[in-house]
Amino acid sequence: EKEARFNTTYADWVDADLLNIYAFNHSVRRNRTEGVRVSVNVLSDHKDLPVLFVVRQKEAVVSFQVPLILRGLYQRKYAYQEVSRTLCQPQTKAEVETQHFYVDVSTLSLNASYQLRVTRVENFVLRTSEQFSFNATAAQPQYFKYEFPEGVDSVIVKVTSAMAFPCSVISIQDILVGLGSRAFCPGDLWFPVGLTTPLPPQCPVYDLDNNVAFIGMYQTMTKKAAITVQKKDFPSNSFYVVVVVKTEDEACGGALPYYPLSRDASPEEPVDQHNRQKMLEVMVSPAITSEAYVSSMLFCLGIFLSFYVLTIVIGCWETCRQQKRKGLLAVMDSPSLDTGHSRSIPDSFLGHAPYDSYGYGSFGSGSSSSTEGVRDGMASAEVSYSFVGQEQFKRRTPSAPMRPLSIAMGERSLENVAGRPRLDSLSSIEEDDYDTLADIDYDKNVIRTKQYLCVADLARKDKRVLRKKYQIYFWNIATIAVFYALPVIQLVITYQTVVNVTGNQDICYYNFLCAHPLGNLSAFNNILSNLGYVLLGLLFLLIILKREIDYNRALMRNDAHALECGIPKHFGLFYAMGTALMMEGLLSACYHVCPNYTNFQFDTSFMYMIAGLCMLKLYQKRHPDINASAYSAYACLALVIFFSVVGVVFGKGNTAFWIVFSVIHIVATLLLSTQLYYMGRWKLDSGILRRILHVLYTDCVRQCSGPMYV
């Protein structure tokens, strides 16, 4: 046994018959924390017979061997000759107390020389908003203590480094052993409820690569790391910040080192990594306060509620304007007291909707024949059609004489067909009954292949049938949303629970510098940011509901403009779009509970839904008869989402996947373009290639003609 002093290097030797004991003593103050660090370097190269160092303290024992063997991936061994460990801070009851600790050195080797040095750690207690620099290796980890100041409920521990590799781990560990949230503190000693003796500090601290994940919170880092620590999770109002350099860089996305290639090398032989060192800087700064949480939430809520207020104001103003216009019309239509005739309405007033002339499906600058057809359609207000069985009867007044059947079938103006009123079928409201008539099918082929189409040409089907058809969009997406969201919510709750229980913050990919926890949620602000999707989606649904109610009231009043003028109105796709927008907010919030590689499709699935429904709605406005059904549309969107998921899982660096996907994408785009170009009047059968070649030959080889449907 030897009396030893701090900051002195002891160069000595030891063998199987000799045990060296170094006795140290130092003064411990109750209101001051100091760290003690033991550094050793074994100069002898006896890997099979290491030197054992045992540090005996008042309430803890730390032991390690040199060379220190740490295991990496695939059980690879790495040997370290220089080892440094920081000792636990012992508790004291007195104001000042002299405590002793001993360093025992022993080995089974014949002769092993070493160097031993014990020092005090400068800046062992971190100060708020002050940066501290230090070095660390896999065998020389560092940890520091932080104590919450008064009035600070949460802090952010930021660790930075100028070098990405070697990979390192940042861990936050509690100071006291086995202390739960239910505890009280008499003086400076901590007691769990029901006990009368203080708990010792957590010794030893888990500060090696093979045990740093045993307790507390931890995350890997290359150049930056940040962990938000809440005071409520540490009843002692203090914690350890542990920094460990990993033996391998695979956890940070780096490459695995190669084993040395030599005749004498074996997989069981430890690898010497030489100087695997990293310089880091740590700073602890206060996080946002609870008042900032409340003000931010209210500000965010107020921003989106202002859209509701603006919508109400615009709605009230529009209602007042329409009431004023109706009053003016009533005055204009009432007989004059002087002449007894109705007052004239100014031309400028007639120019405003909905009192301008009927122009449903007309062209502003069309040909004379199309203008004629529109006039015929306007003049045929007395024309009606009724379909009884397989016969079609036409009833005309003397002002519109009957044309011969041959002219009607061959030479008649197609614009007259387009201009006829779109009255409801009296025999049935089933779409299939309408389409099975041979002459109507003939009309379908003729009308949809016209060179110049009007909206009326593609709005001939029964409106009640189409209304039911497009309502299926809403009910289908509501069903999809329920069955999609329930397992998603369950999964992300499980993810968050695993993160909270294990402390492994590598499971979720947050922006840790801007992740503000609330309750059990690690990044509440990321979830709150999706509030706009839900609130604005709900506002969209309310606006559509108001429009549908107004439209139905106009139909009940037999308003001619609502019945026959304007683009056909169907609200089912609008409801589906609003539901998809709200579900995007919900599922994006679920994704941001724990964003990672496996649940990325939660955030993107309803983005595809919204984009697809918007395209369908734009197309449906002027093509209501030939728009896709809900079943085929959602089947195609499901295929899109499937490829997005497969791309995330298998697409990284997989050339074969991208070749297959590109071919499918090009073919699908060609098919969809053909469907839109020919208005659905084409067939995908065995003769499709022959017809394609025929079109190319006639339009490109024999004569260079432009597209028929400009």
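Visitor: Taking two cysteines to begin with, are C508 and C594 buried or exposed?
Guide: The model shown above is a predicted one, and in it a residue counts as buried when its relative accessible area is under 20%. Judged by that cut-off, C508 and C594 are both buried.

Visitor: How many Å apart are the sulfur atoms of C508 and C594, which form a disulfide?
Guide: Two cysteine sulfur atoms count as a disulfide when they lie within 2.5 Å of each other. C508 and C594 form such a link, and the separation of their sulfur atoms is 1.9 Å.

Visitor: Is the link of C508 and C594 right-handed or left-handed, and how many residues apart are the two cysteines?
Guide: The angle about the S-S bond is -90°, and the link of C508 and C594 is left-handed. It connects distant parts of the chain, with C508 in the loop between α8 (463–502) and α9 (524–528), and C594 in the loop between α12 (572–593) and α13 (601–622); the two stand apart by 86 residues.

Visitor: Which cysteine sulfur is nearest to that of C316?
Guide: C316 is in no disulfide, and at 45% relative accessibility it counts as partly exposed. The nearest cysteine sulfur is 6.7 Å away, and it belongs to C320.

Visitor: How many disulfides are there in total?
Guide: One of them joins C167 to C252, with 1.9 Å from S to S, and C508 and C594 form a disulfide as well. The count of disulfides comes to two.

Visitor: Which residues does T579 contact, leaving aside its neighbours within four places in sequence?
Guide: T579 has its place in helix α12, and at 12% relative accessibility it counts as buried. Once the neighbours within four places in sequence are set aside, the residues in contact with T579 are F474, I477 and L541.

Visitor: Which element gives the most residues to the largest nonpolar core?
Guide: This core holds 38 residues, and Y473, I477, F606, M609, L613 and Y634 are the ones that touch the most other members. The elements giving two or more residues to it are α8, α10 (531–556), α12, α13 and α14 (630–650). The one that gives the most, with 12 residues, is α12.

Visitor: Which strands are the edges of the open sheet of five strands?
Guide: The strands of this sheet follow the order β1-β3-β10-β5-β6, with mixed pairing. An edge strand pairs on one side only, and this applies to β1 (2–3) and β6 (61–66).

Visitor: Which residue of β10 stands opposite V55?
Guide: Strand β5 (residues 51–56) and strand β10 (residues 96–107) run antiparallel and are joined by six bridges. In this pairing, the residue opposite V55 is V103.

Visitor: Which residue of β11 is the bridge partner of A11?
Guide: In strand β2 (residues 9–14), Y10, D12 and V14 make up the covered face, while T9, A11 and W13 make up the uncovered one. Six bridges join β2 to strand β11 (residues 112–121), and the two run antiparallel. The bridge partner of A11 is Q115.

Visitor: What percentage of the residues of the chain count as buried?
Guide: The chain has 16 helices and 25 strands, and its accessible surface comes to about 39,700 Å². Of its 710 residues, the share that count as buried is 42%.

Methods: Residues numbered from 1 in each chain as written. Predicted model: local features only at pLDDT ≥ 70, side-chain atom pairs only at ≥ 80, totals over all residues. Heavy atoms only, no water. Helix = DSSP H or I, 4+ residues; strand = E, 2+ residues; numbered from the N terminus. Buried < 20%, exposed > 50% of the residue type's maximum accessible area, 1.4 Å probe, protein only. Contact = heavy atoms within 4.5 Å. Core = buried A, V, L, I, M, F, W, Y, C linked by side-chain atoms within 4.5 Å. Pairing = 2+ DSSP bridges. Areas by Shrake-Rupley, 256 points an atom, 1.4 Å probe, with all protein chains shown as cover.
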